[in-house]
Every structure is written in structure tokens, then in C-alpha cells.
Amino acid sequence: MMIKKPADIQSSEITPKSLYLNRRKFLAGAAAAGAAAIAGLSLGELVSPSTIVQADAKIEGIKKSSFSTNETITPFKDVTNYNNYYEFSTDKYEPAGLAKNFKTRPWTVTIDGAVDKKQVLDVDTIIKMAAPEERIYRHRCVEGWSIVVPWVGFSLSELINKAKPTSKAKFVEFTTIEDPKQMPGQRGRVLDWPYVEGLRMDEAMHPLALLCFGMYGDALPNQDGAPLRIVVPWKYGFKSGKAIVRIRFSDSQPQTTWAEMSPREYGFYANVNPNVDHPRWSQAKERRLGEFLKRPTLMFNGYDQVASLYTGMDLKKNF
Amino acid sequence: MIRWFKPVVFLACLIPLALLGWKAYSGALGANPIEVITHATGDWTLRFLLITLAITPIRRLTGKLWLIRYRRMFGLFAFFYATLHFLTYIWLDKFFDVHEMLHDIAKRRFITVGFAGFVLLIPLALTSTKGWILRLGGKRWQALHRLIYFSAIAGVIHYWWLVKADIHKPLEYGAILAVLLGYRIAGWAGPKLSANKAKSLREPRFEVRQG
């Protein structure tokens, strides 16, 4: 597979955590200034919001990655307080509170389907399968907003290679935990639980596809998909399942949750594509959280190196 | 009613805007302030439309005739928040990109219907004065102002069509609207009010069966 790497980023160009944690205050101030201007208020002292920092879950030995972007990292506070996590709530501001006591240990992941041998692995065993890397990725939601997140994890292919799928494996399916006792959103039928997402094998094997267990140098916060999630940066965010409990290999395309719920609006591929609108809204632009003006959305979210996966496919049909 | 009551209600109607302004000022609008502003102004438009539509039924059911004096104010606040909502869209969302807006209005049905709901409110706001009631005559004025029914229906559909999966909030608005419009339909279709009671409500004349 031809893999085009982005221009190397010197480690000096990567923002140290202390700096971007400070920057968030500035950005919050800028956003507030903009909004205050809108509301016709004069500007005075801007009250800086309280900072939430996870102190106890540092991940050691994180390597840098050449896949990282050098774009401004979205403040931690935004990435942890603005979440689409319907298992907890359809309100983006609620998962942060509702997921506070979510139990992420003990946690096992079942690996089955078209594999040599079905396995039930402890999440801590999986996390130790390869060295953790920081991958600073753009993350584009199908709703039209985007963030830049310093995820921590390693290529999903590392796990897949160890899972030893058989030649029958053409697709891989990721299932999110179903536990209505802990997840109030699952007590209603907003979506058909459990949440299922999937990838074609060649997509899953692409080194950009990330098995993720941390962000901002620490373990994943519960509201961002702890203890283990998938991150597929060239696809809309809903493809990146959270709190994974099962990884199943199969010879047929998985029935994925959003595509089942509204096949006209959400496809199996869901590649970020500014030229294919959502039936109800345009995908040409996006609002990067913290920015005032919308920016143009890039094909494959700017990850052109995946284009070869889709050679000869009509991406308007396979949206 | 006590004379100072009306200004108090007026100021109370501005609280949602003041809260938004305060949150913006204190940096409490969260990760996506523009989305919060869009949703808040949209929500308050619908709420004021429903409050406006609730005046007549409540007035009839409770006999508190003075309520009529607040209907215009609530209606104008619905228009006020709708205007803020629309401005948020053209300024903060589309940044005055006229081409893109026209494209949106033509192509995205939730925007088409929301825009229609807003446009329907404009003549109502313009003719909300006593002078216009006299100029048009009570009957015609009243007929014109029934446009608010369609505006409210459009508003609920607009909300319904834009949500991704969780329709419970538009459903709540829809249910309240159904009750308020149902009350009127029942009034038209069912047995008329006793002549005496209707007469007692006829003050001033154009307010009979007011929207």
C-alpha cells in the first residue's frame, strides 16, 4: 500500500500541554468576546471558566507520530464537555456529567467472527500490545463541526494482526457496550442499541485508523469513549465507535447503527466529503470549535493518503 | 391589573436574551457558542409563539379578560426572538453568503419551512398597532393574524426536520401546539358558545375568536 506521509513535524512545533491548556483560556475569552459583541455588550474583564484536568491517568512513554497535524489543538475543556454520546444523552453538554461514574474497569473485549480463535481480552492487555503514540488528528462531525484532538493509541492494524482474522474476514465490526443501568440514554430507543460501527478490512488496516485509549497525554475521559475506542480521522465522527466491547470479523458488510436508522442520510462509508451533502445540510464547510468563521471541509478530512482505498468507487453513491 | 405589571412582564420577556448575553460575557456558552445562540433563540421563538397562542384559550377558560392586553406583546417577542434567530443564521452561520442562503432556502426543507414561518410573522408584526387594526377593520385584521397558526406549525416542523434522531423536544412543542390549535378547531366545529358568554368576550369587537 502506498502511504503518503505528511511533511515531517519537528517536535518543537508540537504544542506542549501546559501551553495549550493556557490557550484554552484565551480561546474561551475570544469566543466570549465574540458572543458578547453579538449580544451588544461592551467588553470588560472576561471571566475564565474553571479548568477540568484529569490528573491521575498519565500515559507513559508516548511517541510522537508523523501522522499528526500541526493545526491548533482544540481546548481539552471543549473536547470533554461537548460530546455526541447518545448512550448517555442526546444533549452534547450532558455526557460529561452523566459519564462521571461510568465503570471502565474491569473491561474485556471479545474478538470473534472470522478469526483463528475467539478471544476475550482484558482491555489492559490490549493497551499494552504496542507502544502508545500521540496522533493529533482532525475530527469532523457529520453535523458540521470539527475539532483537533491529540489522541493516544496505536494503529488498529496492530490489534487486527494479533487477532489473526481468517481469509473470510472482509469487514470488521465494532460494538459499543450496552449497559442501560450506567448509560441513561440507552433506556430510551433513540437508536437501536447497542451501537455498531464497522469498516472494510483494508480501511481498518490503514495505519491512520487508530485504536485509541487516551488523549491529551492521559487516559481517555469517560465521555470521550473510555476505556477503548476507534478513531477513523477521514470519516465522519459517528464511524469512530466508543467504549468498545466486541470486535467481530465477517465476510459481509456490517449493519451499522446510523446507516440502519436513516439509510438515506448516513452511509456505511461516511467518508468526509465536501461534495456530497447530507440530505438536510451542506457538508462543504465546517465550524472548527473555537473559530468564528466556518472553514472549508477537505476531501477525506484532508487525509488524501486514503484516496487509493476508494479507487473506482462512486463516492456519491457510496456516501 | 396593576399598572406596573406590564413593564415587569416586558422585562421578564427579555430575560432569555439577557441570560445569553451574560453567558457570552462570562464565557459560559460552551464549546460551540454559535450553536447555543441559534438553539436558544429558536427555542424562545417557539415558546413565545405558544404563549401567544395560549392567551385566548386561557382567557376564555378562566374569564381573565385582561390577559388580552399581553397578547400583542408576547407575539412581538416571538417575532423579536425569531429575528434574532434569523440574524444568527445569516450572520453567524452563513456570514452573509447570499448565494449559499438562497441555495439553503431552496434545497433544505427544514430551512425552507423555518424561513416561511419567519416570513409569515413579518406582516403580523407590522400590523400589530392599533392604527392598523382600525385601518384593516377588525375582521380582516383578525383573519390576517390567523397566519400565526401557520407560522407556529412551520416552526415546529422546522425543529422536527432538523433533529438527527431525538425528536422528543419538537414532539413536546408539537403536542402543546396541537392542544392550542385543537381548542380553536373544537370551537369552530363544535357547538357555539352561548350567546351571552360570547357577548361578554366581545370587548373590543375584533377580539372575538381572536387567533
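In chain B of this predicted model, residues 24 or more positions apart account for 68% of the contacts with a separation of 6 or more. The chain contains eleven helices and zero strands, and its pattern along the sequence is accordingly written α-α-α-α-α-α-α-α-α-α-α. Of its 211 residues, 28% are classed as buried.

One pairing of helices in chain B was examined in detail. Two packed helices are described by the angle between their axes and the distance between the axes. For helix H3 (residues 33-62) and helix H10 (residues 168-189) of chain B, the axes come within 10 Å of each other and cross at roughly 25°. Because angles under 35 degrees count as roughly parallel, H3(B) is described as roughly parallel to H10(B). The crossing of these two helices, H3(B) and H10(B), is left-handed. On the side of H3(B), the contact is formed by Leu46(B), Leu50(B), Leu53(B), Ala54(B) and Pro57(B). H10(B) contributes Tyr173(B), Ile176(B), Leu177(B), Leu180(B) and Tyr183(B). By residue class, the contact of H3(B) with H10(B) consists of ten nonpolar residues, with no polar and no charged residues.

Elsewhere in chain B, His145(B) belongs to helix H8 (residues 138-145). This histidine, His145(B), counts as buried because 21 C-beta neighbours lie inside 10 Å, and the threshold for a buried residue is 20 or more. Leu120(B) is 25 residues away from His145(B) along the chain, and the C-alpha atoms of the two residues are separated by 9.5 Å.

In chain A, helix H5 spans residues 156-163, and its buried residues are Leu156(A), Leu159(A), Ile160(A) and Ala163(A). Viewed down the axis of H5(A), these buried residues fall within an arc of 100°, and they therefore line one face of the helix. An α-helix has 3.6 residues a turn, so residues three or four places apart point the same way. The residue that follows H5(A) is Lys164(A), which has a positive phi, near 50°.

Most residues other than glycine have a negative phi, and most peptide bonds are trans. Ala243(A), a residue other than glycine, has a positive phi near 40°. Its place is in the loop between E9 and strand E10 (244-250) of chain A. Ala243(A) is buried, with 28 other C-beta atoms within 10 Å. A positive phi, of about 50°, is also found at Ala270(A), which is not a glycine. The loop that holds Ala270(A) runs between helix H7 (257-261) and strand E11 (285-288) of chain A. Ala270(A) counts as buried because it has 22 C-beta neighbours inside 10 Å.

Pro194(A) is situated in the loop between strand E5 (171-176) and strand E6 (196-200) of chain A. Pro227(A) is located in the loop between strand E8 (218-219) and strand E9 (229-231) of chain A.

Terms used
Residues numbered from 1 in each chain as written. Chains lettered and ligands numbered in written order. Predicted model: local features only at pLDDT ≥ 70, side-chain atom pairs only at ≥ 80, totals over all residues. Helix = DSSP H or I, 4+ residues; strand = E, 2+ residues; numbered from the N terminus. Buried ≥ 20, exposed ≤ 12 C-beta atoms within 10 Å, placed from the backbone. Contact = placed C-beta atoms within 7 Å. Arc of directions from axis to C-beta. Axes fitted to C-alpha atoms, helices over the stretch in contact; angles between N-to-C directions. Parallel < 35°, antiparallel > 145°, perpendicular 65-115°, else oblique. Left-handed = near helix turned anticlockwise from the far one by under 90°. Nonpolar A, V, L, I, M, F, W, Y, C, P; charged D, E, K, R; others polar.
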